[in-house]
Amino acid sequence: MENTILAAVNIVKYFYDPVKVKVLNGVNFSIHRGDFVSIVGKSGCGKSSLLYVLSTMDTDYEGDVLIDGISMQQKKEPYLAKIRNEKIGFVFQFHYLLNEFTVLKNVMLPGLKLHKYSEKEVEARAYDKLKTLGIADLALKNAARLSGGEKQRVAIARALINDPDIIMGDEPTGNLDKKNSELVFDIFKQLSHELNQTMLIVTHDPDFAAKTNRIIRMEDGKIVNEEKNLVG
Amino acid sequence: MNLKLIVNIAQSLLRARWRQTLVAAVGVTFGITMFIALLSFMSGLNDLLDGLVVNRTPHIRLYNDIRPRQYQPVTLWPAYQNSYPVISSLKSGNIRQEIYNSGPIIRALQQNKQVMGVAPTITAQVFFNDGTVDINGVINGINVAAETRLFHFDDYIVAGKASNLNTVPNSIILGKALAEKLVANVGDIVQITTSTGAIFQLKVVGFFQSGLQDFDKAQSYASINTTQKILGKSSLYITDIRVKLYDINQAPALAKSFARIYGVDAEDIQTANSQFETGSFVRSLISYAVGITLLIVAGFGIYNILNMMIYEKMDTIAILKATGFAGRDVKAVFLVIAIAIGLFGGITGLISGFGLSVVINHIPFHTAALPTVKTYPINYNPLFYFIGISFSLITTYLAGWLPARKASKIDPVIIIRGK
């Protein structure tokens, strides 16, 4: 657990609208390869803001984010897009599949964008990921026709397509019922155990957080408490 | 950038919104259709009207003008060398209308690379005798083959055959209006009196109609030999040399140089008929302005629809960006959509524009002034089609550019958080 994949260095972020508010106030932490980390905290404590800063999508902050040892500060937009494509997989609270495409195509898109494999290979890999998540039979359905739980599993498959260094989740179970929440959590756990996949999940579900390896608790834009949960 | 992927995404977005896309494309189609039809029709009319005069007018006419001599004897007298002579009641001198050395001049012109062809002519003033009435007229002695090749003489023959002038001795082709005055039919004999008093009888072998009534009332055509015989001149007698060039714009410059080299008067078509060019130019300008306006309106349609599409597809754009598509990729997707609309609308526009032109080309259009024209004229110039498709692509590209840029600037964080 020596290998640091993601590090936040003294991150400070303000919101300007409607008044200047400090949402992140000097956040420092790092994540090693294979970690399964959750960030918890009350609504408005800045945990989502932190995730978007770490995801490279939000560039309006002070401090630095290191992904695989490379600073993300002052990088150009196309470079950041490439980093997101290659090294980060996203799972959001609301499914966010592209309704214009089939399930398979949704999973394939980031892979096609990366252009590391041929279209045939990307397709085979996408099938593989869908099979791992037990939804291979949905592959040719239109994304709009899936249930909430199914959509979220497809989103996870899409996050995995480029074998990212880290998966980031923003309340991935926040919009699901109990049964589907557990199903999604089991998938995360399986990924962590079997593939040693690094994951950083923002959640306000204490049950979910309790089952991760490491819990970071935030309050008023700061980390107030960190606990290791070796039972996970 | 992976173009195939970009096109693929654009395609899916288009398919999801195909109704709006179709409306936008129909806007472009309509614009291009009208553009093509309007320009083809206007240009066809222009060619027709210009053809009325320009086709039959030589680009350069060589002749000897009647005018006072430039050097009067007094200017040559040594004693008055440094004086300004004032001559009153100056008269035109007895200049021969014949072009000297016409044979060598014609041969030299024929070898000139800028000259398409040369047609020598003779003009003879005559009276047509119709009972007790004498009608003033002109007989143009022409080389039928050269006139037909260079000045479309054949097109204006409404009865008989132009080549009969060569085969039938002492034959004449009358202007239609002149023939009506003389009550002469093809095959009849008309009698003429020349300015020197000689009387000839000529056989009518055809009528021609130029479309200019005044012209048809006085003009008639005979072969060069017949005309020389009427005038009692030798077979070398030529009064006009009509020259057609490959490039009409060279006419003024060449006319000057021919006048100097051959010692004759030379008149170029621009000087003789300047008003026709102005008319054509203004008509073309108006048609282009209308056509381009139509396309710009179509462009605004595309702009609106793309803007709407971007508002609808905010989520899609955000997710594309979150999963690693850069702003320029998103921009490319929307530009591809815009250009696809332009290309599809443009090509269908070209096809229906061609169709509309064909339809117009088949609408009957009879006018006494234009004997050879039976339907509305259309100019099927490929240049119009080229301009049409280029312009449709440029307009759609510009119309797509602003929305595409807006899409590329969308901040995914705002969209994703906003849910």
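Hi everyone. What we have here is a predicted model, so local features need pLDDT of at least 70, side-chain atom pairs count only at pLDDT 80 or more, and totals for chains, interfaces and linings use all residues. Residues are numbered from 1 along each chain as its sequence is written, while chains are lettered from A and ligands numbered from 1 in the order in which they are written.

Let's start with chain A. Its secondary structure comes to 7 helices and 10 strands; these are DSSP runs numbered from the N terminus, with helices being H or I of at least four residues and strands E of at least two. Chain A has 232 residues, and 49% of them count as buried. Buried means 20 or more other C-beta atoms within 10 Å of a residue's own, exposed means 12 or fewer, and partly exposed is in between, with C-beta atoms placed from the backbone.

Now, how many residues does each chain bring to the contact? Chain A gives 23 and chain B gives 21, where two residues are in contact if their C-beta atoms, placed from the backbone, lie within 7 Å. On the chain A side, H1 (47-54), H2 (77-87) and H3 (103-114) each supply at least two residues. H2(A) gives the most, with 6 residues. That side of chain A divides into 13 nonpolar, 3 polar and 7 charged residues. Here Ala, Val, Leu, Ile, Met, Phe, Trp, Tyr, Cys and Pro are nonpolar, Asp, Glu, Lys and Arg are charged, and the others, Gly among them, are polar.

H3(A) also packs on H5(A), residues 148-160, at an angle of about 30° with the axes 7 Å apart. The two helices are therefore roughly parallel, a term for angles under 35 degrees. From H3(A), the contact uses A:Val103, A:Asn106, A:Val107 and A:Pro110, and from H5(A), A:Val154, A:Ala157 and A:Arg158. These residues divide into 5 nonpolar, 1 polar and 1 charged.

Last, two backbone details. Most residues other than glycine have a negative phi. A:Gln74, though, has a positive phi near 70°. A:Gln74 sits in the loop between S5 (70-71) and H2 of chain A. Is A:Gln74 buried or exposed? A:Gln74 is exposed, with 7 other C-beta atoms within 10 Å.

In chain B, B:Val183 has a positive phi near 50° and lies in the loop between H7 (176-182) and S6 (189-194). B:Val183 counts as exposed, with 10 C-beta neighbours inside 10 Å.

Definitions and conventions: Axes fitted to C-alpha atoms, helices over the stretch in contact; angles between N-to-C directions. Parallel < 35°, antiparallel > 145°, perpendicular 65-115°, else oblique.
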